[in-house]
Amino acid sequence: MSRKAAETTHRLVSSPGGRIHLVEQGAGPLVLLVHGFPESWYSWRHQLPALAAAGYRAVAVDVRGYGRSSRPAATEAYRMLDLVADNAAVVHALGEESAVVVGHDWGATIAANSALLRPDVFRAVGLLSVPYTPRGGPRPSDVFAGMGGDEEFYVSYFQEPGRAEAEIEPDVRGWLAGFYAALSADTMPPPGAPDPHFVGEGQTLRDRFPPGRLPGWLSERDLDVYAGEFERTGVTGALNRYRNMDRDWEDLAAFDGAPISQPSLFVGGGLDASTTWLADAIEAYPVTLPGLVSSHVLDGCGHWIQQERPDEVNHLLVEWLTAL
């Protein structure tokens with residue numbers, strides 16, 4: 001690996017919301033990496049050097065509301081249109097005209113909408129864990145409210161400002177450890193156990209997190225990095241993404257059912273609810289992602305796919321990027 005590829009640079013660039021913190025490694029065509037909840041640029045720590053070694057300029061951002069990026073006070077400042085504008089601003093601030101965008105979890109949805117809304121900037125899109133589902137159907141809050149019967153779906157639980165914060169912020173490190181474990185292949189609750197995606201009456205999400213050990217992909221030091229950021233910033237900026245789903249549904253009405261035509265990649269985990277619940281979305285890819293190059297579901301893998309299976313994900317990303 002060249003010295004240039006080995007160097008990692010942190011910087012702040014201007015964006016519509018103020019500033020975006022990013023971490024950059026390598027030289028070559030730009031690949032923008034967008035994380036999900038509750039993570040940071042650090043969730044791409046295994047991909048940055050691999051992509052740099054393969055000849056790419058890999059850039060992982062802290063999404064608006066996270067880490068060292070700006071955290072606007074208004075809840076509505078976290079709508080999808082704003083996050084897409086941030087991504088485009090990062091590309092241009094780096095002196096580039098276009099980029100490949102790759103996202104995980106919420107980052108996958110942000111990446112998909114970046115490709116959909118700004119095809120002039122984003123020439124290809126990679127989606128990890130969360131399949132592309134075009135805008136449509138009933139209002140999202142109505143859909144989520146109807147899930148779970150007597151239990152409350154976690155997305156609904158996150159809607160009221162301050163409610164989830166009151167659960168998480170008194171013990172950020174412990175909550176994150178439990179949340180990561182609940183969705184990891186080697187520590188998730190066994191089949192038949194209460195689903196950690198739902199909240200029982202009078203309970204919290206944490207009540208269903210598995211106790212004890214960390215998942216194999218997460219060291220104590222890794223957890224310290226994540227917890228340190230959220231202890232400093234709080235979690236409101238991160239949770240505000242969930243609180244804009246109805247606004248997104250309204251904002252994107254003109255794109256109802258719209259396909260993404262750029263070359264695309266999907267990689268999901270076989271044990272991830274995002275993959276199993278949205279199996280129909282994956283089956284619809286010939287219509288919704290007509291530019292799909294390849295789609296993969298990794299057996300025995302949970303939700304934190306690029307951290308649980310970094311070597312496999314790196315191989316698939318580099319193979320796909322090379323084919324572009």
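A: Here is a walk through the pockets, then the cavities.

A word on the source comes before the tour. This is a predicted model, in which local features need pLDDT of at least 70, side-chain atom pairs count only at pLDDT 80 or more, and totals for chains, interfaces and linings use all residues. Residues are numbered from 1 along each chain as its sequence is written, and side-chain values use heavy atoms, with hydrogens and water left out.

Rolling a probe the size of a water molecule over the atoms shows where empty space is left. On a 1 Å grid over the protein atoms alone, a cavity is a set of points where a 1.4 Å probe fits but cannot get out, while a pocket is an open set with protein on both sides within 12 Å along at least five of seven lines; lining residues have an atom within 4 Å of a point. Points are joined across faces, edges and corners, and a volume is the space filled by probe spheres set on them.

Let's start with the largest pocket, which holds about 1,200 Å³ of space. Its lining has 47 residues, with Thr 109, Thr 133, Phe 144, Met 245 and Leu 278 nearest the centre. Several helices (DSSP runs of H or I, at least four residues, numbered from the N terminus) each supply at least two lining residues, among them H5 (140-145), H8 (172-182) and H11 (245-251). H4 gives the most, with 6 residues. By class, this lining has 34 nonpolar, 8 polar and 5 charged residues. Here Ala, Val, Leu, Ile, Met, Phe, Trp, Tyr, Cys and Pro count as nonpolar, Asp, Glu, Lys and Arg as charged, and the others, Gly among them, as polar.

The second largest pocket has a volume of about 330 Å³. Met 188, Pro 189, Asp 195, Pro 196 and Leu 271 lie nearest its centre, out of 18 lining residues. H12 contributes the largest share of that lining, 3 residues.

The largest cavity has a volume of about 60 Å³, and its lining includes Ile 20, Asp 62, Arg 64 and Asp 86. Helix H3 (residues 80-93) gives the most to this lining, with 4 residues.

About 50 Å³ lies in the second largest cavity. Among the residues lining the second largest cavity are His 35, Tyr 66, Trp 106 and Arg 241. Val 63 and Ile 110 line the largest cavity, and these two residues also line the second largest cavity.
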